[in-house]
Amino acid sequence: EPIRSLDERAVTQAGEKLQKITDTWFAEKPVYVAVIPDKADFAEQDLWKIDTGRVAELLTENLDADYIDISSTLELSDYYRTDTHWRQECLGDTAAALITGMGGAYQEPDFSWNAVEDFCGVLWGRYAMPLSGETLLYGTNEATENAVVQYLDYPERSTVYVPDTDSPDKYDLFLSGAASVIEIENPEAETDEHLVLFRDSFG
């Protein structure tokens with residue numbers, strides 16, 4: 001199968017940088033890492049793809065962290081047809097794997113699902129044939145509604161979801177997309193535990 005060229009040096013550097021951050025700020029804390037499989041990993045066709053397994057190898061060689069493998073929790077239908085990202089409503093198994101992998105107990109969230117119709121993701125404009133939009137769902141409940149959210153980049157925003165985002169990428173309704181620092185506090189939390197997440201847009 002075709003494998004896209006992997007910049008192993010960049011992956012190694014990412015692991016090394018995360019290790020320096022861990023050594024400086026989280027030396028006595030548990031550290032975990034997960035690699036999100038590319039949508040192409042699940043396609044029946046021989047598509048060019050990144051070697052996800054090699055990415056995981058390089059990261060774990062350069063970062064002292066427990067690896068959480070989520071690849072078995074995903075399939076092609078968990079990703080949007082017009083976008084590279086995954087669908088929130090399909091991620092129960094993935095969330096459970098991440099939470100239990102970090103030593104927590106997973107509880108299925110009681111979400112009310114909200115729809116954004118005619119969502120056209122980043123692949124929509126690259127397709128050579130007419131491609132219809134699709135429905136994007138995002139889940140809300142008491143925890144998401146009551147969460148206190150602070151964005152370093154967008155001090156005027158204060159919610160988990162931004163459904164009226166003016167971004168051309170409507171997937172940015174999730175935590176305002178590529179924001180550098182976000183702090184989320186659950187005022188109903190029964191502990192003072194913190195999770196520090198270094199994420200990409202899938203996060």
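A charge is said to sit over a ring if NZ of Lys or CZ of Arg is within 6 Å of the ring centre and within 35 degrees of the ring normal. The exercises concern a predicted model, in which local features need pLDDT of at least 70, side-chain atom pairs count only at pLDDT 80 or more, and totals for chains, interfaces and linings use all residues. Residues are numbered from 1 along each chain as its sequence is written, and side-chain values use heavy atoms, with hydrogens and water left out.

**Exercise 1.** Identify the ring over which the charged end of Arg 157 sits.

*Solution.* The ring is that of Tyr 154, and the charged end lies 4.0 Å from its centre.

**Exercise 2.** Classify the aromatic pair of Trp 86 and Phe 202, and locate both residues in the chain.

*Solution.* Step 1: rings of Phe, Tyr and Trp (its six-membered ring) pair if their centres lie within 6.5 Å; planes under 30 degrees apart count as stacked, over 60 as edge-to-face and the rest as tilted. A search of the whole structure gives nine aromatic pairs.

Step 1: for Trp 86 and Phe 202 the centres are 5.3 Å apart and the planes are at 85°, an edge-to-face pair.

Step 2: Trp 86 belongs to the loop between strand E2 (66-67) and helix H3 (92-101), while Phe 202 is in the segment after strand E6 (182-185); the two are 116 residues apart. Helices (H or I, at least four residues) and strands (E, at least two) are DSSP runs, numbered from the N terminus.

Step 3: both Trp 86 and Phe 202 are buried, that is, under 20% relative accessible area, where exposed means over 50% and partly exposed in between (1.4 Å probe, protein chains only).

**Exercise 3.** Determine the class of the pair formed by Tyr 171 and Phe 174, and the cluster that holds these residues.

*Solution.* Step 1: the ring centres of Tyr 171 and Phe 174 are 4.9 Å apart and the planes are at 50°, so the pair is tilted.

Step 1: both Tyr 171 and Phe 174 are buried.

Step 2: Tyr 171 and Phe 174 belong to one aromatic cluster, which also includes Tyr 80, Phe 119, Tyr 138 and Tyr 161.
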